[in-house]
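Please read them with the coordinates open.

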Amino acid sequence: FMSLRIYNTLSRAVEKFTPLEAGHVRMYVCGMTVFDFCHVGHARSNVAFDVVQRWLKVSGYKVTHIRNITDIDDKIIKRAVENGESIRALTNRMVDAMHEDFDALGIARPTAEPRATEFVPQMLHMIGVLEEKGLAYRTPQGDVNYAVRKFPGYGKLSGKSLDELHAGERVAVLDGKEDPLDFVLWKGAKTSEPADVKWDSTFGPGRPGWHIECSAMACQMLGNSFDIHAGGADLQFPHHENEIAQSEGATGQQFAQYWMHNGFINIDNEKMSKSLGNFFTIRDVLKSFDAETVRFYLVRSHYRTSLNYSDQNLNDARSGLKRLYTALQAAVPSNVQIDWANPYAARFKAAMDEDFGTPEAVAVLFDLAGEVNRSKSADQAGLLKALGNILGILQNDPVAYLQAGAGLDEAAIQAYIQARADAKAAKNFAEADRIRKHLLEQGIELKDSAAGTTWEAAQ
């Protein structure tokens, strides 16, 4: 299993992957800030790194996969106050909703899911170490800030120099910061904030800054140095840059060996985000599309590319998935152990070993499906199903999936065909067209001929 290569944001190059401990991969993925339902952008990130951990396991590694939960921050406090509920009630509700959504999409639960509020002592310890080393200072307002200029490597992940960062800096030195780039490690308590967001500390009552949460949890759960740190491209700066500064500043060791970042989901070429208000929650999307279609739409693209979200693209994914299931319907798959010497399996492996190349891996599935349609071979069908499983697809019963994909049973379709025939007979062509269009939206294509009207699953 020594052939895997990963694009490392830190070096801006695809590198051979070698874990620190032979046979064991330790991986930290930045998780959700739980103040609202997860949107499709969150699904993108979590499906991407779910595929990563699946491939690592298939490759023979033991994987310790940590995905944190940010259950304290400004947005959470604001939302809880608006809702008139406690922080804990809000975050528990949103964590449950997140698990429902992720389970539906086939995203495996991580090895552990630490919550920020459970690691405040570790955060305070790390802040104390940074203060002792002269990398942190207290402000008159009761905050503790990180002194960015004192950490020589600052900017190495984002590729931004301090001077460049300063060029974009228009802010006066406010809030007791010695430098506008300095960031907060500990926020002094404010009288206006609810009591359930204040912790006692040697720095005075307050709560942790966002960046320190991940540093403390990652070091506590995986050690001061581990293999992979992953998250969305929007976290690269400042969040991940600040995590490096804090963690390496405190421990003197390289924090993560490989940094992985997934691309955005765009709507009309603008990044999907809560702040722009242009987001679709996973649960809204699942009202119109089945979960496997959504997952397939996400894995068809390479995790580092940006992806445009549209009903058209999801319909396209649904048609593609139906083509694969149609092959599995053509031959009952036998239970096979993947033989990596098989040409299809070898191509699939080569694609995944090159920075988790899912588009090429999916292309292999379509080629193999074509072969299954021709040969009706149970072993080939079994291989198609087994390779699909690595991407988290093709595990449903094909007949059930294709019927559910049609969304309508035979009797309902025949009733529509009859209603359309009646509308045409009454010269109500608008109604006849409406029925045809409605069926097409359900994945049913009508074929008119002299013998009458028949239907097939739309491709």
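1. Burial terms come before the points that use them: a residue is buried under 20% relative accessible area, exposed over 50%, and partly exposed in between (1.4 Å probe, protein chains only). The model is predicted, so local features need pLDDT of at least 70 and side-chain atom pairs count only at pLDDT 80 or more, while totals for chains, interfaces and linings use all residues. Residues are numbered from 1 along each chain as its sequence is written, and side-chain values use heavy atoms, with hydrogens and water left out.

2. K376 has a positive phi, near 55 degrees, although it is a residue other than glycine. K376 sits in the loop between α12 (358-375) and α13 (378-390); helices (H or I, at least four residues) and strands (E, at least two) are DSSP runs, numbered from the N terminus. With 48% relative accessibility, K376 counts as partly exposed.

3. K427 also has a positive phi, near 60 degrees, and is again a residue other than glycine. The loop that holds K427 runs between α15 (410-425) and α16 (429-441). K427 is exposed, at a relative accessible area of 64%.

4. A cis peptide bond is present between F237 and P238, with omega about 5 degrees. P238 belongs to helix α7 (residues 236-251).

5. Strand β3 (residues 24-29) is largely enclosed by the rest of the structure, because six of its six residues are buried. H24, R26 and Y28 point one way from β3, and V25, M27 and V29 point the other way.

6. Which strands pair with β3? Pairing here requires that DSSP finds at least two bridges between two strands. β3 runs parallel to strand β4 (residues 62-67), joined by six bridges, and R26 has T64 as its bridge partner in β4. β3 also runs parallel to strand β9 (residues 226-232), through three bridges; there, Y28 has H229 as its bridge partner.

7. H65 is part of strand β4. Is H65 buried or exposed? H65 is buried, with a relative accessible area of 6%. Contact means heavy atoms within 4.5 Å, and H65 touches M27, V29, Q53, P110, T111 and A112, not counting residues up to four places away in sequence.

8. Helix α6 (residues 210-222) has 13 residues and reaches 19 Å from its first C-alpha to its last, close to the 18 Å expected at 1.5 Å a residue. The expected span is 1.5 Å times one less than the number of residues. Ten of the 13 residues of α6 are buried, so the helix is largely enclosed by the rest of the structure. Among the buried residues are H211, C214, A218 and L222. G223 follows α6 and has a positive phi, near 95 degrees.

9. An open sheet of three strands shows mixed pairing in the order β12-β11-β13. β12 (270-271) and β13 (307-308) stand at the edges with a single partner strand each, so one side of each is left without a neighbour in the sheet. Strand β11 (residues 265-267) runs parallel to β13, joined by two bridges, and I265 stands opposite L307 in β13.
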